[in-house]
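Please brief me on this protein model. Keep it short and grouped by topic.

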Amino acid sequence: MVHCKTEKQAKFVLRSIEQRMRTCKLKLHPTKTKIVNLTGRATERYPRKYDFLGFTIKPCYRMIQDRGMAMVGTFVSTQSKKRIFEKSES
């Protein structure tokens, strides 16, 4: 997981990581490796959330005193919730 400030920076870092992996004769997983936009500012459309270690990371907006609206929230993922409920029923 790499956090970037801009879309341009994210694309550069992704290309750099892919190149480094190739020199090590490795490949990034095509469905697990992606750019996710949590800020809402980008020229292309990207997913707005991602699951990581049983949690969903996504933007949730609420007013923060004197700073406007913006915040990234961490929530238990839907898949993890299903597993929790299945275990509690048995």
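The notes below run from the overall fold to single residues.

This is a predicted model: local features need pLDDT of at least 70, side-chain atom pairs count only at pLDDT 80 or more, and totals for chains, interfaces and linings use all residues. Residues are numbered from 1 along each chain as its sequence is written, and side-chain values use heavy atoms, with hydrogens and water left out.

The protein has 2 helices and 5 strands. Helices (H or I, at least four residues) and strands (E, at least two) are DSSP runs, numbered from the N terminus. The order along the sequence is α-β-β-β-β-β-α.

**Overall figures**

- Of the 90 residues, 14% count as buried. Buried means under 20% relative accessible area, exposed means over 50%, and partly exposed lies in between (1.4 Å probe, protein chains only).
- The accessible surface comes to about 8100 Å², and carbon and sulfur atoms hold 56% of it. Areas come from the Shrake-Rupley method with a 1.4 Å probe; for residues, only the protein chains shown count as cover.
- Among contacts with a separation of 6 or more, 16% join residues 24 or more positions apart. Contact means heavy atoms within 4.5 Å.

**Helices**

- Helix α1 covers residues 7-23, which is 17 residues. From first C-alpha to last, α1 reaches 25 Å, close to the 24 Å expected at 1.5 Å a residue. The expected span is 1.5 Å times one less than the number of residues.
- Helix α2 has 12 residues and reaches 17 Å between its first and last C-alpha, close to the expected 16 Å.
- Helix α2 lies largely in the open, because the number of its 12 residues that are buried is 1.

**Salt bridges**

- The structure holds 2 salt bridges. A salt bridge is a side-chain nitrogen of Lys or Arg within 4 Å of a carboxyl oxygen of Asp or Glu.
- Glu-7 pairs with Lys-11, with the closest N and O atoms 3.7 Å apart. Both residues lie in helix α1, 4 residues apart, about one turn of the helix.
- Lys-11 also forms a salt bridge with Glu-44, at 2.5 Å from N to O. This pair links distant parts of the chain: Lys-11 is in helix α1, Glu-44 is in the loop between α1 and β1, and they are 33 residues apart.
- Glu-7 is buried at 15% relative accessible area. Lys-11 is partly exposed at 25%, and Glu-44 is partly exposed at 40%.

- Thr-56 sits in strand β2, residues 55-59. Its relative accessible area is 9%, so Thr-56 is buried.
- The side chains of Thr-56 and Asp-51 make a polar contact at 2.5 Å. A polar contact is a pair of N or O atoms within 3.5 Å; within protein, one must be able to donate a hydrogen and the other to accept it, and residues adjacent in sequence count only if both atoms are side-chain atoms.
- Beyond neighbours within four places in sequence, Thr-56 is in contact with several residues, including Lys-49, Tyr-50, Gly-73, Phe-75 and Ser-77.
- Ser-77 lies in the loop between β5 (72-76) and α2 (78-89). Ser-77 is buried, at 3% relative accessible area.
- Not counting residues up to four places away in sequence, Ser-77 touches Asp-51, Gly-54, Phe-55 and Thr-56.

**Loops and positive phi**

- Lys-25 lies in the loop between α1 and β1. Its phi is positive, about 60°, although Lys-25 is not a glycine. At 76% relative accessibility, Lys-25 counts as exposed.
- Leu-53 is in the loop between β1 (50-52) and β2. Its phi is near 50°, a positive value in a residue other than glycine. Leu-53 is exposed, at 71% relative accessible area.
- Gly-40 is in the loop between α1 and β1 and is partly exposed at 48%. Gly-40 and Pro-59 are 19 residues apart in sequence and 8.9 Å apart in space, C-alpha to C-alpha.

**Surface patch**

- Met-1, Phe-52 and Leu-53 make a nonpolar surface patch of about 370 Å². Patches are made of residues with over 30% relative accessible area and no salt bridge; like charges are joined within 9 Å, and nonpolar side chains (Val, Leu, Ile, Met, Phe, Trp, Tyr) within 5 Å.
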